[in-house]
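Dear colleague,

Please find below the structure that I am handing over to you, together with its sequence. My findings follow directly after it.

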Amino acid sequence: MLQKPESGALPILRAEGEKDGGRDGETQALAASQEAASPLLQETPGEHLGARREEGPAEPALAPRGARTLAAKASARRRAYRRLDRTVAELVQFLLVKDKKKSPITRSEMVKYVIGDQKDLSPEIIARAAEHLRHVFGFELKQLGRKQHTYILINKLKPLEEEEEEEDLGGGGPRLGLLIMILGLIYMKGNSARETQVWEMLRRLGVRPSKYHFLFGYPKRLIMEDFVQQRYLSYRQVPHSNPPECEFSWGPRSNLEISKMKVLGFVAKLHKKEPQHWPVQYREALADEADRARAKARAEASMRARARARARARATETAGISPW
């Protein structure tokens, strides 16, 4: 089942077949817990609530007033958590824009212009923004000295200019980070994602699909004209959809060049979990790794066979030539 993320939060990638379950981790995240989920690919693991009820005694039914109180508290937690996610996304964009001037960024500026009355959560917000910058845009948020609250961004990947000179995406760069994000969304959605889900994910990253972005250019054009035409992504209309909808899936070039296990590892790193946390995707990734290993072994065996054949041909040719 495809799940549409709620408006105003950062992207939520859930594996196909998972269901939402309430959890107290949201409260811990608001208290700057170390186990808070990443703002990029936040995932709420499904819970087998039925199995738990069978193991323990039946819980007494809540009175209407008690049920309303619990629902109100849960709703307030969700609103606070979505606000926290929005603040992280806004801080990422603020840091990227400030970095264009190559001037240090102070924590007081972050609080004044972005964090505001969430100052008590600033360590958590800054940490999550730094994680976002590292994984998606290839920047490291570096603090200048232990006691100074001044930061700079360091580009850990190749400059965009170098990337544009290559025929393909190359080995890194912000554009590759964006592609991996889209491939991760597709993979966790059961190997296809609706077009609207991709555009919504970009918006929650603070990237408007049709608006110019100084790292990606026009993101929608980049996706449709580069990623699709270069066969990193496949784009087609969903059969029997009414009204008509289109969806993205992995293109043949991604299947050849990009390991599903590496993409799953990327998602797992953002969640601070192991890839085995998603058993369906993990089994598929293991099968993909096995296929790649067999294909590599066949290619190497073929190369060795051709090398032996060439060596025999040279030996035969040499033996048939008389020195006289």
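What covers the buried residues of α8? The model is a predicted one, and in it the cover of these residues includes α3 (64-99), α7 (174-188), β4, α9, β5 and β6. The sections below take up several of these elements in turn.

**The chain as a whole**

The chain has 12 helices and six strands. Of its 324 residues, 42% count as buried. Among contacts with a separation of 6 or more, 61% are between residues 24 or more positions apart.

**Helix α8 and its burial**

Helix α8 covers residues 195-204. It is mostly covered, as eight of its 10 residues are buried. The buried residues of α8 are E195, Q197, V198, W199, E200, M201, L202 and R204. Just after the helix, G206 adopts a positive phi of about 85 degrees.

**α8 against α9**

Helix α9 comprises residues 219-227, and its axis lies 11 Å from that of α8, with a packing angle of about 140 degrees. The two helices are therefore oblique to each other. The crossing of α8 over α9 is right-handed. On the α8 side the contact is formed by E195, W199 and L202, and on the α9 side by P219, K220, I223 and M224. By class, these residues comprise five nonpolar and two charged, with no polar residue.

**α8 against α7**

Helix α7 also packs with α8: their axes come within 11 Å and cross at roughly 130 degrees. This angle makes α7 oblique to α8. The crossing is again a right-handed one. From α7 the contact draws on L178, M181, I182 and L185, and from α8 on Q197, V198, M201 and L202. Seven of the contact residues are nonpolar and one is polar, while none is charged.

Three strands make up an open sheet with the order β4-β6-β5 and antiparallel pairing. Its edge strands are β4 (193-194) and β5 (233-237), each of which pairs on one side only. The antiparallel strands β4 and β6 (residues 246-250) are joined by two bridges.

Which residue of β6 does A193 stand opposite? A193, which is found in strand β4, has F248 of β6 opposite it. A193 is buried, with a relative accessible area of 0%. Apart from neighbours within four places in sequence, the contacts of A193 are L185, I186, V198, E247 and F248. The C-alpha atoms of A193 and E247 are 5.4 Å apart, although 54 residues separate the two along the chain.

I105 is placed opposite Y151 in β3.

**α5 against α7**

How do the directions of α5 and α7 relate, and what is the angle at which they pack? The angle is about 100 degrees, with the axes 7 Å apart. As angles of 65 to 115 degrees count as roughly perpendicular, α5 and α7 are therefore roughly perpendicular to each other. H135, V136 and F137 of α5 meet P174, G177, L178 and M181 of α7. The classes represented in this contact are five nonpolar and two polar residues, with no charged one.

With kind regards

Technical notes
Residues are numbered from 1 along each chain as its sequence is written. This is a predicted model: local features need pLDDT of at least 70, side-chain atom pairs count only at pLDDT 80 or more; totals for chains, interfaces and linings use all residues. Side-chain values use heavy atoms; hydrogens and water are left out. Axes are lines fitted to C-alpha atoms, for helices over the stretch in contact, and angles run from 0 to 180 degrees between N-to-C directions. Helices (H or I, at least four residues) and strands (E, at least two) are DSSP runs, numbered from the N terminus. Angles under 35 degrees count as roughly parallel, over 145 as roughly antiparallel, 65 to 115 as roughly perpendicular and the rest as oblique. A crossing is left-handed if the near helix is turned anticlockwise from the far one by less than a right angle, and right-handed if clockwise. Contact means heavy atoms within 4.5 Å. Ala, Val, Leu, Ile, Met, Phe, Trp, Tyr, Cys and Pro count as nonpolar, Asp, Glu, Lys and Arg as charged, and the others, Gly among them, as polar. Two strands pair if DSSP finds at least two bridges between them. Buried means under 20% relative accessible area, exposed over 50%, partly exposed in between (1.4 Å probe, protein chains only).
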